[in-house]
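Let's take a look at the charged side chains here and who pairs with whom.

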Amino acid sequence: MAAAKESKLIFAPAGTNSTPRADQYTKGSLSRPQLDPSPLTQFHIWFTHARSAGVHQPETVCFSTAQLPSGRVSSRYVYLKELDARGFVIYSNWLHSRKAQDVQSNPYSSLAFWWGDVERQVRVEGKVERLSEEESQAYYDLRARGSRIGAWASEQSQVLPEELGERAVLEKRVSEVEDRFEGREDIPVPGFWGGMRVVPEMVEFWQGRESRLHDRFRYSRDGENGDWEIKRLSP
């Protein structure tokens, strides 16, 4: 047994505990009467609580997509930028990014939020749709100038050639875009960049509990009338 443990680079980590037993979650519970009929409203309630509790950047979310026909899954952390009546919105490069390429072959995706300070997570599954240019421009105008320039300059996820200087290639593109928009603040949103809205078909709310007996509730669409059904799941 000792030899088997020594062969592992990581074995039974437990946060800051000195023993291999994982932390116990004791900060809350979740029951059906606490839930709003709408998962979007419930998410807003939890997100607001996470912010008030001091969770660092609660808008951080793991966004996962899968390419077809290979079925290969890719994940990355992004920022949730909007929540509206249709779903959850992030922004990205629609021409070059891996996530956009995945979505072109398979519109299904997932989001996973983890708010450790309040021992909660939220999972979302649904189809991705593209926001209009007008909607994307409204958010784009709020970005720092450097971020707006960067959206034009970066061929997101594409290789920067080593033989051409790697980072130097990117910085040259940034300089060219800066020259193009010198003296202007009304920089248009690039046609290849914009919002991705995940329209939820399933949303799960998870509250950590002791002994791994967590509270889990899943919202899913009723197939007949499209209303949200709420079911408690086993931990």
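How many salt bridges does a search of the whole structure find? The count is 17, and keep in mind that this is a predicted model. Here are three of those pairs, with the N to O distance for each.

| Pair | N to O distance |
|---|---|
| Glu135 and Arg197 | 3.2 Å |
| Arg173 and Glu155 | 3.7 Å |
| Asp215 and Arg232 | 2.9 Å |

Start with Glu135 and Arg197, which form a salt bridge. This one ties together distant parts of the chain: Glu135 sits in helix 4 (residues 133-140) and Arg197 in strand 7 (residues 193-207), 62 residues apart. Arg197 is buried at 6% relative accessible area, while Glu135 is partly exposed at 33%.

Next come Arg173 and Glu155, whose side chains also meet in a salt bridge. Arg173 belongs to helix 6 (residues 167-180), and Glu155 lies in the loop between helix 5 (145-153) and helix 6, with 18 residues separating the two. Arg173 is partly exposed, with 22% relative accessible area, and Glu155 is partly exposed too, at 34%.

Then there's the bridge between Asp215 and Arg232. Asp215 counts as buried because its relative accessibility, 6%, is under 20%. Arg232, at 43%, is partly exposed.

Which residues do shared partners join into one network? They are Asp84, Arg86, Glu129, Glu135 and Arg197, so the helix 4 to strand 7 pair turns up again here.

How values were computed:
Residues are numbered from 1 along each chain as its sequence is written. This is a predicted model: local features need pLDDT of at least 70, side-chain atom pairs count only at pLDDT 80 or more; totals for chains, interfaces and linings use all residues. Side-chain values use heavy atoms; hydrogens and water are left out. A salt bridge is a side-chain nitrogen of Lys or Arg within 4 Å of a carboxyl oxygen of Asp or Glu. Helices (H or I, at least four residues) and strands (E, at least two) are DSSP runs, numbered from the N terminus. Buried means under 20% relative accessible area, exposed over 50%, partly exposed in between (1.4 Å probe, protein chains only).
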